[in-house]
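Biologist: Please take me through one part of this model in close detail, and then link that part to the rest of the fold. What packs against what, and at which angles?

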Amino acid sequence: MSGKPPLATAITRPGKVIALHLNYPSRIAQRGRAPEQPSYFLKPSSSIAESGAPLERPAGTELLAFEGEVALIIGRTVRRVTPDEGWAAVAAVTASNDFGVYDLRWADKGSNLRSKGGDGFTPLGPGLIPAEGIDPAALRLRTWVNGELVQDDTTAALVFPFGRLVADLSQLITLEPGDVILTGTPAGASVVVPGDIVEVEVDAPNSPGTPTTGRLVTPIVEGTYALGDFGAGPKVDDLQRTEAWGSREAAGLPAEFELDEELRASLGSVSTATLSAQLRKRGYDDVSIDGVHSNQAGARLVGRARTLRFVPFRPDLFAEHGGGFNAQKRAFDSLGPGDVLVIDARREVGTGTVGDILALRAQTLGAAGIVTDGGIRDFATVAALDIPSFSAGPHPAVLGRRHVPWETDVTVACGGATVQPGDVIVGDDDGVLVIPPHLVREVVVDSIEQEREERFIAQQVDGGASVKGLYPMNAEWRARYEGGTE
């Protein structure tokens, strides 16, 4: 490719270093948010380091995290190319590590200038794989920490292929020979500490000769320079620790509320009527999703909420947000085991909000159910699936009649109830309830006891007893109940 500087020069001091936020499905699933379009940030060229160069963890910080990535080296000047032309502008790929200090994210989150722009925070190399003759969707990326493999993924299923990234950036920015594009990291990125050694390798295992970059080695050392009070200093919380380490468990934090199998079974053993009574005793009288009914008689629903919000139809907004991999499709495609997708359709029943294909996708991903306060298309087919679904009824119309799919995993209003991602959703033939996670354990314990009492009362009524003094139980009946007569 003409006009290209020596690649060694390109690695040591590129004109631009552009990094992508999210690209690998495994990382997107871990983060719990699916990007509609690629988004980027800049890293200073002074952050580039060679293989073997030690990296200082800044003094006073604790959350230095690695992110093994494939780096693209631009080989010629490009401006306003198409995605099909984008890959042709790449001269080579190499291994990279997008290091960042999560302690500093609070001050410049989004720009990442200080948290990811420090000297040595972008090691590249050691070798290059020429782009010509390799399949950009057949590269393998691996990362090791102290010899243990911690990242192992391929470029086969990237949300944003390499050619598209080059084309997108070239719409507004002239890409020049030697510029570097970091293309995202898969799951497994985490925190390293002084004394650790991080290695990243990119190879093309299906290409002749199995070309490889070799291992990019970065020893981590403790910094001695303390950040001054004339700039933003380190600040961490449990959210930053969780994101830096990759999970609360890896960060050594106590687990958040977990809907384990035992608790799930306990919730499934009591009716929503009983749960509703217990919630009302605690002041929660507006947590039923009204106007929805089970599409499969006798179905039970227990899971954690994921959310999808529609806004009223408008032609210009639907043209921009209604097609392609829109919010509706992203919501269904990102579901996991135990998730319940709760759809805010504003109680608009004049169109479908889910059909057979998306419902089947939710089922194959192991989701626990679907709740919408709007309509369902392909009603009979959806009702015949194993996944429980609750809706305001059937409707044959397609999505664009009344709705624009807008956003996912936000607080929504469904059937008059506020639902937040992570809330516990329970449904049966009586309806659907939203239970705040912090109340679940006490509510289910008291619900089990309430139903035990009600079985005792029903037995007495069935035997001819009057409900006077029995329902609710007075002291005499209470004593008989607690004495073990049931």
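**Helix α14 and its surroundings**

Modeller: Helices α14 and α15 cross at roughly 105°, and their axes come within 11 Å. Here an axis is a line fitted to C-alpha atoms, for helices over the stretch in contact, and angles run from 0 to 180 degrees between N-to-C directions. The two helices are therefore roughly perpendicular to each other. That word covers 65 to 115 degrees; under 35 counts as roughly parallel, over 145 as roughly antiparallel, and the rest as oblique.

A note on the source before going on. This is a predicted model, in which local features need pLDDT of at least 70 and side-chain atom pairs count only at pLDDT 80 or more, while totals for chains, interfaces and linings use all residues. Residues are numbered from 1 along each chain as its sequence is written, and side-chain values use heavy atoms, with hydrogens and water left out.

Now the contact itself. From α14 come Glu 449, Arg 452, Glu 453, Phe 456 and Gln 460. From α15 come Trp 477, Arg 478, Arg 480 and Tyr 481. Contact means heavy atoms within 4.5 Å. By class, this contact has five charged, three nonpolar and one polar residue. (Ala, Val, Leu, Ile, Met, Phe, Trp, Tyr, Cys and Pro count as nonpolar, Asp, Glu, Lys and Arg as charged, and the others, Gly among them, as polar.)

Look at the rings next. The count of aromatic pairs comes to four. Rings of Phe, Tyr and Trp (its six-membered ring) pair if their centres lie within 6.5 Å; planes under 30 degrees apart are stacked, over 60 edge-to-face, and the rest tilted. The ring centres of Phe 456 and Trp 477 are 6.1 Å apart and the planes stand at 70°, so this pair is edge-to-face. Phe 456 lies in α14 and Trp 477 in α15 (residues 475–482), so the pair ties together parts that are 21 residues apart in sequence. The loop between α14 and α15 holds Pro 472. The peptide bond from Tyr 471 to Pro 472 is cis, with omega near 5°.

Another partner of α14 (residues 440–462) is α9 (residues 272–281): they pack at about 120°, with their axes 9 Å apart. That makes α9 oblique to α14. On the α9 side, the contact uses Thr 274, Leu 275, Ala 277, Gln 278 and Leu 279. They meet Val 443, Asp 446, Ser 447, Gln 450, Glu 451 and Glu 454 of α14. By class, the contact has four nonpolar, four polar and three charged residues.

Now the sheets. Helices (H or I, at least four residues) and strands (E, at least two) are DSSP runs, numbered from the N terminus. Two strands pair if DSSP finds at least two bridges between them.

β6 (residues 68–74) and β7 (residues 90–97) run antiparallel over seven bridges. Val 70 has Ala 95 of β7 as its bridge partner.

Pro 126 sits in the loop between β9 (122–123) and β10. A cis peptide bond joins Gly 125 to Pro 126, with omega about 0°. Arg 80 lies in the loop between β6 and α3 (83–86). Its phi is near 60°, a positive value in a residue other than glycine.

Another open sheet has five strands in the order β4-β16-β15-β11-β12, also with mixed pairing. Its edge strands are β4 and β12 (148–154), each pairing on one side only. The twist averages 25° from one strand to the next. β4 (residues 55–59) and β16 (residues 216–226) pair in the parallel sense over four bridges, with Ala 59 opposite Ala 226. β15 (residues 197–203) and β16 pair in the antiparallel sense over four bridges. There, Val 198 stands opposite Thr 218. β11 (residues 140–145) and β12 are antiparallel over six bridges, and Leu 141 faces Asp 153 of β12 as its opposite residue.
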